[in-house]
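Please keep the sequence and the coordinates in view while reading.

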Amino acid sequence: MHWQIAWYHQIANFSFLPVTMPELTEVIQTTCNLHGGEFRATLTNYFGTQSLIFDRVEVGLDPMFHVKQPLFFHNSRIFKIPAGKAVVSDPCQLTVHPGQKLYFRISSSFRQTYCDFASTYNTKLTNASLIRRSNHLPTLRTTFTARRGWFSLAQVEVLSGTKAAVIEFTGDSLAEMGLISDELTEQLYLKYPNQLTVLNSGISGNRLLYNAPQDEPLYQTFGTSLAERLPLLMRLHRPKLVICFVGSNDLLLPLISRQAIKQQINPTDFTAQVEELFNLVKTAQSQLLFSNLLPFKLGHGQIHHSANYEQALTLRKLVNSELAHLEPFTSTATAVVKEDQLVPAYDLGDHLHLNQAGGQLLTSQLLPAVEEKLLSISQ
């Protein structure tokens, strides 16, 4: 028996946009694909400057918590998380089955500031809701067009007798939002119960080559580059397959950030970094699927004719052309693209991201490639 990650969602650094609440109750829905008789949860305070205190942490089998158990930390119901740290709950004896949804109710009656933030748009597998009260229960809503965010809960581990394969879905908002990753995860969990687990380490705004620009608070939440993050993720999670959606922000941010304008990319450097990622995962006896860059358009229906904007559109085509010759490359754009733009039926509405239908279509393209990689891993 060993502890295995059954659910993971990347916590982003929102210390530049901190949220202070007089009280807090949040409910987070997680979905596991493993079987086990015990589990434990990880809560973080990586980016806060003071300790966080949660005076109630419960797990339930339904969103109304009709069946629930308290979680403990060092035999206490109080979870105190020092600044810059994470804590792991004591093991909770509760049988978990593949496809099981676990609901966490996390409350604080203290006025405090939260900086460790995560979110999703696809609410089928992971969902969240929060209110500024410690004695109320927020309602989970199923949506695919609005951000559902939460604080601190980063990971669930199950005490399992099975060594399941880990898939790391990583990159930028295309990964974080779940509109692609969770559609794929749902299909995989249905077909391979207790055989694999999919982790989400996407960060909205993340780039491949450069760290977050520092000239605006929102930009500062975009995190360190995937080139820096992935080696750590490989050591922590030991995935057998890594799926990357990243690169659009390497082209977009120089159009809107004063700092990033000095960080223009070229196709050769971009492709060379992808090759480095491929070598990294290969050395770790893993495999990589790297998506080409989906089209984008700034503004809602407005075409920007600036030289920099036109150059970014051209660079995207050049990058995709070079990526097509790499072994880990997986073309995804063909079905959701028409005349070098996202097909309106698959556009979330911002001309940057896919909606649920677009995510489902890409899943149908990705699933055979993922299954082929999984087959080669098992042989």
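Two strands are taken to pair if DSSP finds at least two bridges between them. The model discussed here is predicted.

Q: Which residue in E16 stands opposite Ala118?
A: Strand E14, which covers residues 116-120, pairs with E16 in the antiparallel sense over 4 bridges. The residue in E16 that stands opposite Ala118 is Trp150.

Q: Is the ring pair of Trp7 and Trp150 stacked, edge-to-face or tilted?
A: A search of the whole structure finds 11 aromatic pairs. In the pair of Trp7 and Trp150, the ring centres are 6.2 Å apart and the planes stand at 40 degrees, so the pair is tilted.

Q: How many residues apart in sequence are the parts that Trp7 and Trp150 tie together?
A: Both Trp7 and Trp150 are buried. Because Trp7 lies in strand E1 (residues 2-8) and Trp150 in strand E16, the parts tied together are apart in sequence by 143 residues.

Q: What is the angle between the planes of Phe270 and Phe290?
A: Phe270 belongs to helix H6 (residues 267-283) and Phe290 to strand E21 (residues 287-291), and both residues are buried. Their aromatic pair is edge-to-face, with 6.3 Å from centre to centre and an angle between the planes of 75 degrees.

Conventions: Residues numbered from 1 in each chain as written. Predicted model: local features only at pLDDT ≥ 70, side-chain atom pairs only at ≥ 80, totals over all residues. Heavy atoms only, no water. Helix = DSSP H or I, 4+ residues; strand = E, 2+ residues; numbered from the N terminus. Phe/Tyr/Trp six-rings, centres within 6.5 Å; stacked < 30°, edge-to-face > 60°. Buried < 20%, exposed > 50% of the residue type's maximum accessible area, 1.4 Å probe, protein only.
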